[in-house]
Amino acid sequence: MSLLRKKTIEQSIADTDEPEYQLKKRLTALDLTVFGIGVIIGAGIFTLTGRAAQAYAGPSIALSFVLAAICCGLAALCYAEFSSTVPVSGSAYTFSYFSLGEIFAWIIGWDLLLELMLGASVVAQGWSTYAALFLEEIGLGWPDSIGPDSSVNVLAMLLVIVLTILATIGIKESLRVNLALVAVKLFVVLFVIVAGLFYVQGDNLTPFIPPRVPAESGDVTITTPLFQAMFGFTPSTFGLMGLVSGASLVFFAFIGFDVVATTAEEAKNPQRDLPRGILGSLAICTVLYVLVCIVITGMVNYKDISSEAALAEAFRSVGRPGFATLISAGAVAGLTTVVLTLMIGAARVVFAMSRDHLVPSRLGKTHQKLGTPYRLTLGIGLVVAIVAGLTPIGKLEEMVNIGTLAAFTLVSIAVPLLRKRRPDIERSFTVPGNPVIPILSAVICVYLMLNLSIETWLRFAIWMVLGFIVYAFYGFRKSRVGETERTGESTRA
């Protein structure tokens, strides 16, 4: 038996008709686009903008977003081809199973679990910061002992519990709530752009790319980007290296489009609607991100930007506390949709893995009435609530990014490989410029990974070792594809 054993495309599609693992096809192109916007616009604007500008790039954080968007755009083309050709839950996990082999499918599935669950935890923490600020603004307040900066972040845990229940009830019901909250979020983002333009000061945007600042000690530490350590560059922030490091951090803000691919099995017309949902949501959000970055860094000097509630604090600093209240309310609504979407995406990835028996199959069985993988959704919600409630804020973003970039790299490589291996498959959407575009996508993703810190790589290595242990002692032996392979061998014997 081989670690590179593959699941056929035909079998992947046939599995979607099994009654115990059948999801309802209820999503339209609008649903998918809103789904993508709902998760993309969130932490990037409301929390990461200030942190990345202050620590890495200054006003050039807008260019960091552009660089991250280019990387995501190339990867999005690859995702659009795969998800429209083979509309099956699991996103990159499923794509790699029939194009690269089981071990790569496991690696990506394990990566996606890291990306989506930690991503939901990170955003829940950002939500709690804005929720506490909003409650303070309207005179209610929230106890500091169980607030965002305490040892137990009860606000974040309460959010995750409520959203877990909603996601368990049904994806269409979840998206109705999502649609309303996305409308509120878009209004607030547009308000920030328009209102903030009146307070932009040119001095704050000069120099647009701040000069490079060497690290205080000049020595390589655990927080030094791996690329700088590998090639002997003096550890530094700002300048061009800071701009790239900023892109590696704010990359987290774009992870929503690949979550759209996890819902492929629930789309009414996946061949047409999935590419629209993936590429449309990414394009809309990139424009909004860049405009918000320019406004915020123009309103407040990047050295003084709040690292936790950048938008609200920017308006407070120019004497507009009422605007800050409105923005906090929008952030509460906006980040709610992100957490909800990421949790749904995580459940769909593990659902696909359980259907393939790489994790216990009983976990993925859908509820007869609700049509959702309720056991997985409840279990994932519990884990996300614990991580969000007990992990210090600001410690998880880079872990989310490295898992995402690893998945993007393998998906990009898989496109030309599958084109060569299965040219007979009908593709409703194809990546232009194959194989150049997919290879370029993979190279950029690897480069951004190398600009994450040594500490992040060490944590990622530990996570992957844990994943290989689980696969060796369970997934490899229980695999449905492996069982078919063993049965075929015994029959031939």
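Which residues in α6 meet which residues in α15? Here are a few friendly notes on this predicted model, starting with that pair.

1. On the α6 side, the contact is made by Met 117, Leu 118, Ala 120, Ser 121, Ala 124 and Gln 125. Their partners in α15 are Ile 380, Val 383, Val 384, Val 387 and Ala 388.

2. As for the geometry, helix α6 covers residues 102–137 and helix α15 covers residues 374–390. Their axes come within 9 Å and cross at roughly 50 degrees, which makes α6 oblique to α15. The crossing of the two helices is right-handed.

3. Helix α4 is worth a look as well. It runs over residues 61–85, and at 1.5 Å a residue its 25 residues should span 36 Å; the C-alpha atoms at its ends are 36 Å apart, so the two agree. This helix is mostly covered, with 20 of its 25 residues buried.

4. Is Thr 85 buried or exposed? This residue of helix α4 has 13% relative accessibility and therefore counts as buried, the cut-off being under 20%.

5. Setting aside neighbours within four places in sequence, Thr 85 is in contact with Ile 425, Glu 426, Arg 427 and Phe 429. Pro 270 lies 185 residues from Thr 85 along the chain, yet 8.3 Å separates their C-alpha atoms.

Methods:
Residues numbered from 1 in each chain as written. Predicted model: local features only at pLDDT ≥ 70, side-chain atom pairs only at ≥ 80, totals over all residues. Heavy atoms only, no water. Axes fitted to C-alpha atoms, helices over the stretch in contact; angles between N-to-C directions. Helix = DSSP H or I, 4+ residues; strand = E, 2+ residues; numbered from the N terminus. Parallel < 35°, antiparallel > 145°, perpendicular 65-115°, else oblique. Left-handed = near helix turned anticlockwise from the far one by under 90°. Contact = heavy atoms within 4.5 Å. Expected span 1.5 Å × (residues − 1). Buried < 20%, exposed > 50% of the residue type's maximum accessible area, 1.4 Å probe, protein only.
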